[in-house]
Amino acid sequence: MFSLLYRILSKDNLRRAYDRVVGNRGSSGVDGVGVDGLAGYLREHWSRIEAEIRAGTYRPAAVRGVE
């Protein structure tokens, strides 16, 4: 049985998530990266982000709240 983290980080799951975000034309986050810049951002930063997630040290940026 695969761990949940393994399933979340699987290439198939990440590809489906990426395709949904791009297909929905998701808005940019607090980092200002829109869907047009997402592929480049992930190419540059994914190995570090994935390593931090696996190590349990990844801390995402704060989410912009809506009141």
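**Entry 1: a pair in α3.** I looked up Glu50 and found that it forms a salt bridge with Arg54, where the closest N and O atoms are 3.1 Å apart. For a salt bridge I required a side-chain nitrogen of Lys or Arg within 4 Å of a carboxyl oxygen of Asp or Glu. Both Glu50 and Arg54 sit in helix α3, four residues apart, or about one turn of the helix. I then checked accessibility: Glu50 is partly exposed at 21% relative accessibility, and Arg54 is partly exposed at 46%. My cut-offs here were buried for under 20% relative accessible area, exposed for over 50% and partly exposed in between, with a 1.4 Å probe and protein chains only.

**Entry 2: what I am looking at.** I kept in mind that this is a predicted model, in which local features need pLDDT of at least 70 and side-chain atom pairs count only at pLDDT 80 or more, while totals for chains, interfaces and linings use all residues. Residues are numbered from 1 along each chain as its sequence is written, and side-chain values use heavy atoms, with hydrogens and water left out.

**Entry 3: the overall plan.** I counted three helices and zero strands in the protein, running α-α-α from the N terminus on. Helices (H or I, at least four residues) and strands (E, at least two) are DSSP runs, numbered from the N terminus. Of the 67 residues, 6% count as buried. The protein exposes about 5,700 Å², and carbon and sulfur atoms supply 55% of that; the areas come from the Shrake-Rupley method with a 1.4 Å probe, and for residues only the protein chains shown count as cover. I also looked at contacts (heavy atoms within 4.5 Å). Among those between residues at least 6 apart in sequence, 45% join residues at least 24 apart.

Entry 4: How many salt bridges does a search of the whole structure find? I got five. One of them joins Glu52 and Arg48 at 3.4 Å, N to O. These two also lie in α3, four residues apart, about one turn of the helix. Glu52 is partly exposed at 23%, and Arg48 is partly exposed at 38%. Beyond residues up to four places away in sequence, Glu52 touches Thr57 and Tyr58.

A reminder to myself: an α-helix has 3.6 residues a turn, so residues three or four places apart point the same way.

Entry 5: Arg25 follows α2 with a positive phi, near 50°.

Helix α3 covers residues 35-55, and I found a kink of about 60° in it, centred on His45. The bend at a residue is the angle between axes fitted to the seven residues ending there and the seven starting there. Just after α3, Gly56 takes a positive phi of about 80°.

**Entry 6: the buried side of α3.** Which residues of α3 are buried? I noted Val35, Leu38 and Ile49. These buried residues pack against α2.
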